Amino acid sequence: DASDSAALRDSAAASASAPDTVPTRITTISGFRTPESVRHDADLDLYFVSNISGNPSSKDRDGYIATVRPDGTGSTILVQGGAAGVTLHAPKGMTIVGDTLWVTDIDVVRAFNKRDGKPIRSVDLTSMGATFLNDIAIGPDDALYITDTGIRIAADGSMTTPGRFRIFRIAGTSVSVAVEGRALGNPNGIAWDQANDRFVLAPFGEPGVLTWKIGDTAPMPLVTGAGQFDGVEVLPDGRVLVSSWADSAVHVITNGRMRKLVSGVAAPADIGYDVRRDRVLIPLFNANTVEVWSVGRP
């Protein structure tokens, strides 16, 4: 339709002077309920999609995690809150370590078997004052690093900030605060950048994408952009992809510069990346769909 054509034209124009292949939408997968995060598991060759299914701060036990094939078929609910003894309220960021699927859930980090969805473990961070655990990534030390955006969403959709801006660290049975401070700017997305020995952070409350090295007391600026950043992915070739609610786009960062890669994607949440097919996976938070775009290699 006209909006699809406009989105493709905008993306093509943004990419015209760059070495990347012109982005192309491959498919739109529908049928989700407030999808927040997408992860590609190369082992099973499946896309995992976390679904808040309602208010992001509500402990209503109706969140779920679905899997779908890369061609958009075979959607299956793997984990369902309120069923089979599972507690899952508003799942957001995910990471997969071996056969374990880790997911954030308001103030708890939960682990499930990625093959059968059975609960494995829960790490409750309520005693540490967690308010809005958002994204999660595995670090070089095999510990889990989890952002806390510090917000709370009311029933009417209004947002307050009762919590602190932090990144938690879970290593075995040890839980600690890795870094804390206003400079984190409502930290949302987090991804490990192996080549530069650092994390890349996508803050929702600041106009700049940040970097943070383990042990540092504050993040450092990487590049300034539209703001309201959500998901972030560091690609094998060094490019950084980041989604922004402010301008309904996915941006690419190369050599310290940011430009639009995909336009016309309203409320793009925690993006994923399919390395096998060079595709960015974009959960559209308000549209209840996941868009799959081919972005190619430089």
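**Close-up views of strands and sheets in a predicted model**

**View 1. Pairing of strands β17 and β18.** Strand β17 (residues 198-203) lies antiparallel to strand β18 (residues 208-212), and three bridges connect the two. Across this pair, Val-200 faces Thr-211 of β18. As in every view described here, the structure is a predicted model.

**View 2. The open sheet that contains β17 and β18.** Four strands make up this open sheet, in the order β16-β17-β18-β19, and their pairing is antiparallel. The edge positions are taken by β16 (187-193) and β19 (220-224); each has a single partner strand, so one side of each is left without a neighbour in the sheet. From one strand to the next, the twist averages 25°.

**View 3. The open sheet that contains β1 and β26.** This open sheet has four strands with antiparallel pairing, and the strand order is β1-β26-β25-β24. Its edge strands, β1 (24-29) and β24 (272-274), each pair on one side only. Here the twist from one strand to the next averages 25°.

**View 4. Pairing of strands β1 and β26.** Five bridges link β1 to strand β26 (residues 289-294), and the two strands pair in the antiparallel sense.

**View 5. Burial of strand β7.** In a regular strand the side chains alternate between the two faces of the sheet. A residue counts as buried when its relative accessible area is under 20%. Because six of the six residues of β7 (residues 100-105) are buried, the strand is largely enclosed by the rest of the structure.

**View 6. The hairpin of β6 and β7.** Strand β6 (residues 94-97) runs antiparallel to β7, and four bridges join them. Within this pair, Ile-96 has Leu-101 of β7 as its bridge partner. Two residues lie between the strands of the hairpin, and Gly-98 in the turn has a positive phi of about 65°.

**View 7. The hairpin of β7 and β8.** Strand β8 (residues 108-113) pairs with β7 in the antiparallel sense over six bridges. Leu-101 stands opposite Phe-112 of β8. This hairpin has two residues between its strands, and Ile-106 takes a positive phi near 65°.

Key: Residues are numbered from 1 along each chain as its sequence is written. This is a predicted model: local features need pLDDT of at least 70, side-chain atom pairs count only at pLDDT 80 or more; totals for chains, interfaces and linings use all residues. Side-chain values use heavy atoms; hydrogens and water are left out. Two strands pair if DSSP finds at least two bridges between them. Axes are lines fitted to C-alpha atoms, for helices over the stretch in contact, and angles run from 0 to 180 degrees between N-to-C directions. Buried means under 20% relative accessible area, exposed over 50%, partly exposed in between (1.4 Å probe, protein chains only).
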